[in-house]
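Please keep the sequence and the coordinates at hand while reading.

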Amino acid sequence: MRVRDLIDRLNEAKKYVNNVVLEREAEVDSAFLGVISRNSVLYIGDVGAAKTQLIEEIAEMCGLTLFNTLMSQSTKPEQIFGPADVPALAKGIQRRKIDGYAPTAQMLFLDEIFKANSVVLNPLLWLLNEHKFRNDDEGIIDCPLVTTFAASNEIPTDDESRPIYDRFLLRHKVQYIKSQSNMHKLLQMSMGRYKVTKPEPLGLKTINLLRKASSLVNVPGEVWETMISTRNQVQRATGIEISDRRMGRAVRLVQAHALINYRKEAEIADIDILSNLLWDNPDHIRKVRSIVVARSGQ
């Protein structure tokens, strides 16, 4: 299948999700960019803002296995990584039964992630970073994880949660529906009166082909320079520190953004995606957005 045909399928999936999860165009874009570039996405917003529905629709359209859990201070490792394998333990082998849990999922959705304790967050951090899990006596295993989504009502303020917060490359402040016409559409959908034709899920093979095509997108020097100067301006304007890791991963996003717009070479306009990457506190969103828009020429 031609790359253009693959992109067509991706954009059909995006169109479907946008038709069933209303006023979430930027959030949907980031979700699919996260899948293609293998980066994680965080949604911050109040209860009832359709964050869970968004992730479930994305997972279905991607055709990926989803591990979905609501986290709290009392969440235990076995709820995320699987319970102890008791028969194996009787033979002196210590390991977890990981089938159906986070280490075997292709996509994770971690709701209220920052309420979890360090006993859970530390191994989770490694899973998100390296896509690996140490299953006790069985040793380190490679995990099929494609991307991770998380949701929270607030950003973390404690040092314990900051490392995992930084791992979520794309961040969105999700708000309630504002348009009256979209609210009418939402009510119609809830009554089954608004039907949307569902396209065929992408599947892992298509996603991997899109990822390979994305990695081949050329990034000219002027785009590199604009990304760096934009980062510097944001840091001066907000006082926040943007890690080198985040900037390194940002390149993959710029490549993916160019690809889904049917281009083999990135343009300065593609750095528009940085407006969802360069902020650390929601209070900075508007300022960061204005800087990125000015730099990208949007």
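In which hand, left or right, does H10 cross H12? H10 passes H12 in a right-handed crossing, and this, like everything below, is read from a predicted model.

## H10 against H12

Helix H12 covers residues 285–296, and its axis lies 10 Å from that of H10, with an angle of about 150° between the two. Because angles over 145 degrees count as roughly antiparallel, H10 and H12 are described as roughly antiparallel to each other.

On the H10 side the contact is made by Thr226, Ser229, Thr230, Gln233, Val234, Ala237 and Thr238, and on the H12 side by Lys287, Val288, Ile291, Val292 and Arg295. Sorted by class, the contact of H10 with H12 holds 5 nonpolar, 5 polar and 2 charged residues.

## H10 against H11

H10, which spans residues 221–238, also packs on helix H11, residues 244–260, at an angle of about 140° and with the axes 12 Å apart. The orientation of H10 and H11 is therefore classed as oblique, and H10 passes H11, too, in a right-handed crossing.

Here H10 contributes Val223, Trp224, Met227 and Arg231, while H11 contributes Asp244, Met247, Ala250, Val251 and Val254. The residues of this contact of H10 with H11 divide into 7 nonpolar and 2 charged, with no polar residue among them.

## The largest nonpolar core

In soluble globular proteins, nonpolar side chains tend to be buried together. The largest nonpolar core of this model has 91 residues, and the members that touch the most other members are Phe32, Ile58, Ile113, Leu124 and Phe149. H11 supplies the largest share of this core, with 9 residues.

What does Phe149 touch, if residues up to four places away in sequence are not counted? The contacts of Phe149 on that basis are Ala31, Val35, Val41, Tyr43, Ile55, Ile58, Met107, Leu108, Phe109, Leu110 and Phe168; one of these, Ile58, is itself listed with Phe149 among the core members that touch the most others.

## A buried serine in a loop

Ser161 is found in the loop that runs between strand S6, residues 147–152, and helix H7, residues 162–167. Is Ser161 buried or exposed? Its relative accessible area is 1%, and because buried means under 20%, Ser161 is classed as buried. Leaving out residues up to four places away in sequence, Ser161 touches Phe114, Leu121 and Pro156.

Conventions. Residues are numbered from 1 along each chain as its sequence is written. This is a predicted model: local features need pLDDT of at least 70, side-chain atom pairs count only at pLDDT 80 or more; totals for chains, interfaces and linings use all residues. Side-chain values use heavy atoms; hydrogens and water are left out. Axes are lines fitted to C-alpha atoms, for helices over the stretch in contact, and angles run from 0 to 180 degrees between N-to-C directions. Helices (H or I, at least four residues) and strands (E, at least two) are DSSP runs, numbered from the N terminus. Angles under 35 degrees count as roughly parallel, over 145 as roughly antiparallel, 65 to 115 as roughly perpendicular and the rest as oblique. A crossing is left-handed if the near helix is turned anticlockwise from the far one by less than a right angle, and right-handed if clockwise. Contact means heavy atoms within 4.5 Å. Ala, Val, Leu, Ile, Met, Phe, Trp, Tyr, Cys and Pro count as nonpolar, Asp, Glu, Lys and Arg as charged, and the others, Gly among them, as polar. A nonpolar core is a set of buried Ala, Val, Leu, Ile, Met, Phe, Trp, Tyr and Cys residues joined through side-chain atoms within 4.5 Å. Buried means under 20% relative accessible area, exposed over 50%, partly exposed in between (1.4 Å probe, protein chains only).
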